[in-house]
Amino acid sequence: MLRLVLAWDDLRVFLAVNRTRSHAAAARSLRVAATTIGRRMLALEQAVGARLFTRSPEGLVATAAARALLARAERVEAEVLEAERELSGADARPTGTVRITCGEGFAMFALAPALPRFLAAHPGLLVEVRADARALDLARGEADVALRSFRPRERSLVGRRLGVERYGLYASEGYLRERGAPRKASELTNHDLLIYDAPMDKAFSAQAWLLRLAAPPRRMTRINTTTAMHAACAAGAGIAILNHSYLRPDAPVKRVLPDLDPPTSEMWALTHPDLRSAARVAAALKWLEELVREGGHDR
């Protein structure tokens, strides 16, 4: 009787394909070529002697053999990740790779400008920054440290409150010359608003506040990234909610209705309990806390 030997690299690819339902998406998540995904999946199917996925209009669908393998592959993944975290946690010096995930706005306006100083202070560290709107899964090792603008809900993670993000209404001087500056909140209905995508109507309390305040606006343009929001506001496309700390003194925008304060958002840094004592993770957490403090966020 032949003994079945499954390689972790093949199981890791299998799990990525099962979660993304696409070879291309799995390749992006693992940062490998799509051909590598196909080769690994073929090797795994030959090892188990069964087809693991079938194609459908909605993507790849797990077969009965794949569903039988899934729970075991996830247990192997959990053991491997736990071993990696324990070994990483034994670090005495901040060396190796630390993966940080945060919003694209924080990455652009706060983290990236401060990165050279951090790297100079920690020559043994390699930093990977994932500017991603998705909340990456720290428990599965998608990142080591996550910066989020909401109170964490995962009981399996440890969080540190760094401060709060404060916002204001802003518009370019060109827009205000053309459309006039609103003198009171009720006049916002006569203006063009720049807001984030529809899911943020509930997830982002400041946006929900503005939509109630200015219902209905003259025109509403939805934008899905913070950098594009800043650029559109500076170009004169409308009034936007911007984070005070992301604006430099020479920013080409002006505060609108300064007596109005949109709701704030809490800033939290999260990591896995097994990693918080690792020197590389501790260095990243300290750095993020300093960036938040230097940015003028209240604690």
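## Basis of the model

This is a predicted model, in which local features need pLDDT of at least 70 and side-chain atom pairs count only at pLDDT 80 or more, while totals for chains, interfaces and linings use all residues. Residues are numbered from 1 along each chain as its sequence is written, and side-chain values use heavy atoms, with hydrogens and water left out.

Helices (H or I, at least four residues) and strands (E, at least two) are DSSP runs, numbered from the N terminus. Axes are lines fitted to C-alpha atoms, for helices over the stretch in contact, and angles run from 0 to 180 degrees between N-to-C directions. Contact means heavy atoms within 4.5 Å, and two strands pair if DSSP finds at least two bridges between them.

## Sheet β9-β8-β10-β7-β11

Five strands in the order β9-β8-β10-β7-β11 make up an open sheet with mixed pairing. The edge positions belong to β9 (219-223) and β11 (254-256); each has a single partner strand, so one side of each is left without a neighbour in the sheet. From one strand to the next the twist averages 45°.

β8 (residues 192-196) pairs with β9 in the parallel sense over five bridges, and L194 stands opposite T221 in β9. Helix α8 (residues 205-213) packs on the sheet, touching β7 (167-171), β8, β9 and β10 (239-243), and its direction makes about 150° with that of β8. α9 also packs on the sheet and touches β7, β8, β9 and β10, with its direction at about 170° to that of β8.

## Sheet β4-β3-β5-β12-β6

Another open sheet has five strands in the order β4-β3-β5-β12-β6, and its pairing is mixed. Here β4 (125-131) and β6 (158-165) are the edge strands, each with a single partner strand, so one side of each lacks a neighbour in the sheet. Neighbouring strands are turned by 20° against each other on average, direction ignored.

β3 (residues 96-102) and β4 are paired in the parallel sense over seven bridges; the bridge partner of G96 in β4 is L125. α5 packs on this sheet, touching β3, β4, β5 (145-148) and β12 (265-271), and its direction makes about 170° with that of β4.

## Helix contacts

The axes of α1 (residues 8-20) and α2 (residues 23-30) come within 8 Å and cross at roughly 120°. That makes α1 oblique to α2 (angles under 35 degrees count as roughly parallel, over 145 as roughly antiparallel, 65 to 115 as roughly perpendicular and the rest as oblique). On the α1 side, R12, V13, A16, V17 and T20 meet H23, A25, A26, S29 and L30 in α2.

The axes of α5 (residues 104-121) and α9 (residues 226-235) come within 7 Å and cross at roughly 70°, which makes α5 roughly perpendicular to α9. E104, G105, M108 and F109 in α5 meet T226, T227 and H230 in α9.

## Backbone features

A cis peptide bond, with omega about -15°, joins A215 and P216. P216 lies in the loop between α8 and β9.

Two non-glycine residues are noted for positive phi. R31 has phi of about 60° and sits in the loop between α2 and α3 (34-48); R31 is partly exposed, with a relative accessible area of 48%. L257 has phi of about 45° and is placed in the loop between β11 and β12; L257 counts as buried at 10% relative accessibility. Buried means under 20% relative accessible area, exposed over 50%, and partly exposed in between (1.4 Å probe, protein chains only).
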